[in-house]
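Hi,

Here is the structure I promised to pass on. Have a look at it first, and my notes on what turned up follow below.

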Amino acid sequence: MAHNAEDLNQLLHQAYRLPYGDAKDALLEEVLRHAEAGGHTELAFETRMGMVTAYTGGLQPAKMFVPFARCLADYDRDPGAHPHWAAGSLRWFFKHAINGMTSFPEVPKDRALAALDQMESRYRVEGQSLHAVYAYRHRLARHLGDTAAADQWYERWCTTPRDDNSDCAGCDPSDKVAYLAERGRDHEAVELAAPVLQGELTCREQPQHILTELLLPYLRTGQLEHARNAHRRAYRILRSKPQDLSDMSVHLQFCALSGNQARGLELLERHLPWLDRAPNPLSALRFAASAALLLRTVGEAGHDDTLVRRPASGERPATELTAAALRKELTEFALAIAARFDERNGTDHQTASVRALLAWEPIVDQLPLSAVAEHKIDVPPPSTALEFPESSAPEDIVERAELAHKRREFGTTAALLRPLDTAPSDPALAGRIAALRARAVQEDDPAQSEPLWQQAIDLFTAAGEEDRRQVCLGQLGMLRCRFGDAAAGLALLRASYAHLSGHSEVDTRVGAALRLTNGLRAAGRRNDADAAAAEIALLLDEADALAAAAGDPHLAGDVALHRSLFHDTLGQFEESISTAQTALSAFRTAGVPAKVAWTACQLAALQFDEHQVEAALTSVAEVFPALTADSPVELRVRAHGLRGDLLNHQHRAAEAISDFLTALTLAKPLRLPHIPGLQWGLAISYWQTEQLLDAADLAEAAITGLDQQGRGGDARRCRHLLADTLRALREEDQALSVYDEIIEFDHATGDHDAEGYALVCTADLLDLLDRDALAAERYRQAAEAAQLADDPLRVAYCRYSAALSLHWSGATEEALDALPAADQAIHDLAATDPDPDLLVWHSARRDHNAARILRAAQRLEDALRHAESAATGFRSLGSTDQAARAGLEQGQLLIDLHRHAEATKVLTEILAELPDDHRAREVLTETLAEAESGAE
């Protein structure tokens, strides 16, 4: 650690840029130690002032009392020895101190009252409004339970003019909303907040704090959509801020009172560790009491035995507690803290408040928190294709079930088999039932189907049904080709085909050929694909000829569908689409709606892959009229999801939302693997329709699922969507974390182009947030990745952007050192013969950045040359805004060089080019006046 004032000052400003938390506190404490040791009095004063803010905004507010008292004493001893801003900051810090005194029962009540008196005296002496004083007198009265005093101070707070000492335009009304809600004046609370929420909120506490305070008023006034959105919006911000434990408690209350116990338990388990490091006892009391309320409602719903994980803390080991046990523990904990406050305050208000909260009753039976939860779906009509009397003989039922399965009417098949749970004594009939059951589970659970096939084989052997036995052996062989020993599977398939190819029934012969093609396709992926393809082609030709000779469109459709899948395997996409269309036409003719639906869905997917979006939409539309109540849920999910993706692709997201919601509603109870992809598609729809909260929630859920499925590339793409959404929601820190995840993935996979892009996104965001040193480093890393990806355009952008970020961070010498690399990058870009306008644009940006850096280094002539070149370049492209900025830089440099007449000419010309309402006119006019004054 360096000891000189300049280095310490740099570290102090580095600490300012850190988020609230231990790292920030530790760096400030280290700076203070060295400032005091080195006798840097004013630097020590400024550091203590920073510590007051850091401790208050972080997790150690109790530590703010000492630096505040020291700063106050130092300032009062010699006000003139300190910066002009110190007086206003110290007035503000009185609010932190009083808030802290209220939050710690160890601080005597008289001390808090004395601090309020001292605050009022100071404000009066310094000629300030007493608006903030009355607000904090009201706060203390509320804490003590003195309703009459709280009402009195509330009235004076509301009628006294605001000034610079008042809490911001979001926080001040938030506290009023909280009080009105506490007094049961919910409509007034909502009315007071409305204009605040419609305005621009820039405080770090907003809008999450005012939205949190509105949760219960919204519920109690029946404004359920507002309540839902307020919870979701506020929680997204609060979830990463353990210092806001008190606000988190209100979200637990909301879940308890709106029928969202599952969501409440999720939040409780996620944030219960925060209680072990609560910023103050009052926050701990509120969180514990609110958690106990939630757990009471969980118990009342019959789930007292639900286990809640509680991590280790100190000497307490990690454990799982039942909801009932944890409720008891948290209730006792909250009441113990309340008793400490009441002892300090000389009242019973805090204990009474806890007991009242614990007895609150639900306001809403169940408020869905997502569109998926409340989405209603249309149920397809029941199937009437295979109606039969309940008294039918088992042989008739099995025959009907076999026909239903052939038509892919699986729901009907299952319904027919249900009354046949007891195996008949006839082994042939029992074998047919076992074969049907094996077919029913084969796709979803191959391991379960194999013993069923073996059972059917044994039964047909006993019955002397060799043809049916060979069909089952072929099915078993196909299964092994896909999931086990391909050589053994093919042997079974070939033997089955050899036996059945001489069969008198065409569909039996075609079925054997198609099973062998399936086995060959599966085996060919791992072995000799070319040989398998040649054999498959011959088998399909044979099957095609047999189906054509039989004149059976159903059979012809089956062959065409297998041919389509074969072409798809070979990458012959046009042929695959054509044969799928042939199959679809055949199934229409045969009147097999289930196969029409399945094939139309398959065709739409193939067309989408080939960017035939309109054709795909037409195909997928044919799926839905063919669906019945017993259609496979997976088919319905796939069709709705596919249509949603197609509509998104056409920027018809508003239409896509219903399809995605339907697909998710169907898929979630069955936990289908489609869910993450559907969530991703729905997130895109919400993003395109500017429903950002839904987009963010769905994208986060999708990423979790995609990662679990090992779909890292898709998860990466979804992360980019999430990062864009978070930026639009002004959740910049969360967006930066998402970009870090993307960068880590791209680096690990060696995708330098993608890594460079993500690094640039990060750097641009850091630049917008004025985190300039970090932005410069990310631009540098992005330039290196872009060089590896052979992208000279991105290299150039990153090099000149890195130099400017170093300049903004105050590292002028480093910025100067970075300029040659930026110049070389522009030179390398020019060598690639890019679009001339593109080269001019980036050259002008490099020149403008160089002008700023050189001006800061007092190399004014060099800076002027670059500013003039930048202005000329931007002007040649018709970029009025950029030309005005560069021209302003040029004019300021001319003034710095005392060339006022030239500056006047340049600035006058720029102003003449700008429209009257251009935002740069004001600063240009002021600079022109300075130039004209210097020329006189």
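Glycine 21 counts as buried, because its relative accessibility is 13% (buried means under 20% relative accessible area, exposed over 50%, and partly exposed in between, with a 1.4 Å probe and protein chains only). You'll find glycine 21 in the loop between helix H1 (5–17) and helix H2 (22–37); helices here are DSSP runs of H or I with at least four residues, numbered from the N terminus. Glycine 21 also sits 9.4 Å from proline 242, C-alpha to C-alpha, although 221 residues separate the two in sequence.

Before you go further: this is a predicted model, where local features need pLDDT of at least 70 and side-chain atom pairs count only at pLDDT 80 or more, while totals for chains, interfaces and linings use all residues. Residues are numbered from 1 along each chain as its sequence is written, and side-chain values use heavy atoms, leaving out hydrogens and water.

Now the salt bridges. There are 76 of them in the structure, each being a side-chain nitrogen of Lys or Arg within 4 Å of a carboxyl oxygen of Asp or Glu. Why do such pairs form? Side chains of opposite charge can pair when their charged atoms come close.

A few to click on:

- Arginine 77 and aspartate 74 meet in a salt bridge at 2.9 Å, N to O. They are three residues apart in helix H4 (residues 65–77), so about one helical turn separates them. Arginine 77 is exposed at 61% relative accessible area, whereas aspartate 74 is buried at 12%.
- Lysine 328 pairs with glutamate 332, their closest N and O atoms being 2.8 Å apart. Both belong to helix H17 (residues 323–345), and being four residues apart puts about one helical turn between them. Lysine 328 is exposed at 53%, and glutamate 332 is partly exposed at 44%.
- Aspartate 791 and arginine 794 form a salt bridge at 3.9 Å, N to O. Aspartate 791 is buried, with 19% relative accessibility, and arginine 794 is buried too, with 17%.

Which residues are linked in a network of salt bridges? Arg232, Arg233, Arg236, Arg239, Asp694, Asp697, Glu700 and Glu731 are.

Cheers

Key. Helices (H or I, at least four residues) and strands (E, at least two) are DSSP runs, numbered from the N terminus.
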